[in-house]
Amino acid sequence: MATAEQIKSLVKAYADCNDEKFKTVVLQIAAHEAKLGHDNLARDLKKQIDRVGSKRANIVQLTSTNPMLTLSMPSHDLSELIVSEDISDKIQRILNEYRNRNKLVSYGLTNRRKILIEGNPGTGKTLTASIIASELSLPLYTVQMDKLVTKFMGETSAKLRQIFDSIESTVGVYLFDEFDAIGADRSLDNEVGEMRRILNSFLQFIEQDDSESIIVAATNNQKLLDQALFRRFDDVLHYTLPTSKEIKRLFEYKIKAYDNYFIISKEMIKAAEGLSHAEIARVCDDAIKNSILSDEPITSKAVIALLSERQNVYTCKEA
Ligand SMILES: Nc1ncnc2c1ncn2[C@@H]1O[C@H](COP(=O)(O)OP(=O)(O)O)[C@@H](O)[C@H]1O
Ligand SMILES: [Mg+2]
């Protein structure tokens with residue numbers, strides 16, 4: 001059996017997202033088991049560990065051609081996203097139309113590929129872009145909004161043009177995350193209408209684009225959403241805080257994977273109301289960590305305490 005130290009190192013490596021460290025510890029355990037004559041276990045461990053790293057998203061590479069884009073190859077499954085049936089159907093439709101785009105083209109039609117996602121923070125907008133890229137085996141290019149916007153309108157437009165050149169020349173999923181940052185730079189505030197002009201220029205680029213790439217624009221800012229904006233996109237997805245049904249699914253997805261016997265109480269669901277998916281997922285991770293470190297099973301009471309802690313942070317922030 002692995003020693004307590006080894007297990008602790010494993011958990012730490014996982015928490016730090018340190019794949020190399022994680023691998024090293026697993027190989028140490030495998031070596032230890034081999035010494036004890038547990039050959040099959042040692043071999044299995046080695047086989048499993050070879051897969052680590054290749055499956056994880058690696059947001060390391062900056063494209064040499066365009067420093068405003070960060071490239072990653074995410075690995076996510078649509079089943080990870082807990083949303084309403086309506087939204088999940090819409091995402092399925094985007095995937096399906098992309099997969100069958102040649103068929104559509106032969107009838108003079110195009111697949112929906114300009115997607116606007118609006119909704120509260122932590123409800124899965126960024127995750128959705130990763131899922132679309134992963135499901136379609138496309139690279140995900142995230143546009144670095146802060147690098148894009150400069151004080152000078154001309155410069156920002158030139159940079160936008162470069163990005164849309166990449167969208168045309170290199171097929172992928174292009175995420176303009178929190179794209180309202182385009183209009184939110186305070187230093188641009190003093191010049192009346194400047195923010196709006198940059199945003200409009202962005203929207204024009206989107207409108208003119210007829211590449212094969214998928215463009216996802218995500219925003220937390222509902223105020224931006226006027227008719228002029230909707231018109232430019234093939235699909236608009238509205239994300240909301242999780243319903244009680246979704247909260248239950250989140251708990252199931254997160255906690256049951258760790259402890260299959262865990263029973264989700266009504267009180268837990270109630271205590272999670274008003275929190276975002278991201279916050280609830282965090283609480284589940286915290287509960288799992290506590291359970292690992294204290295060597296005690298997760299209890300509904302412990303989860304509720306962590307949820308209230310989160311709720312309180314929220315109230316303090318608002319006060
Ligand atoms: N709808 C969801 N279903 C499952 N997990 C979610 C969902 N929304 C958020 N999460 C969790 O929270 C993390 C952060 O969410 P993110 O996609 O960055 O939210 P947003 O972009 O809307 O602010 C995700 O990586 C995931 O672990
Ligand atoms: Mg986001």
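A: The answer below begins with the ligand shell and then turns to a helix pair and a strand.

The structure is a predicted model. Ligand 1 is surrounded by 14 residues, and the closest of them are Gly124, Thr126, Leu127, His277 and Ala278. Two or more residues of this shell come from each of helix α6 and helix α14 (277-294). By class, seven residues of the shell around ligand 1 are nonpolar, five are polar and two are charged.

The axes of α6 (residues 125-135) and helix α4 (residues 85-99) come within 10 Å and cross at roughly 35 degrees. The crossing of these two helices, α4 and α6, is right-handed. On the α4 side, the contact is formed by Ile91, Ile94 and Leu95, which meet Thr128, Ile132 and Glu135 of α6. Sorted by class, the residues of this contact comprise four nonpolar, one polar and one charged.

A further element to consider is strand β3. Strand β3 (residues 114-119) is mostly covered, with five of its six residues buried. Strand β3 runs parallel to strand β6 (residues 214-219), and five bridges join the two. Within this pairing, Leu116 stands opposite Ala217 of β6. Strand β3 is also joined to strand β7 (residues 235-239) by five bridges, and these strands likewise run parallel. Here Gly119 has Tyr239 of β7 as its bridge partner.

Conventions. Residues are numbered from 1 along each chain as its sequence is written. Chains are lettered from A and ligands numbered from 1 in the order in which they are written. This is a predicted model: local features need pLDDT of at least 70, side-chain atom pairs count only at pLDDT 80 or more; totals for chains, interfaces and linings use all residues. Axes are lines fitted to C-alpha atoms, for helices over the stretch in contact, and angles run from 0 to 180 degrees between N-to-C directions. Helices (H or I, at least four residues) and strands (E, at least two) are DSSP runs, numbered from the N terminus. A crossing is left-handed if the near helix is turned anticlockwise from the far one by less than a right angle, and right-handed if clockwise. Two residues are in contact if their C-beta atoms, placed from the backbone, lie within 7 Å. Ala, Val, Leu, Ile, Met, Phe, Trp, Tyr, Cys and Pro count as nonpolar, Asp, Glu, Lys and Arg as charged, and the others, Gly among them, as polar. A residue is buried if 20 or more other C-beta atoms lie within 10 Å of its own, exposed if 12 or fewer, and partly exposed in between; C-beta atoms are placed from the backbone. Two strands pair if DSSP finds at least two bridges between them. A residue is near a molecule or strand if its C-beta atom, placed from the backbone, lies within 6 Å of it.
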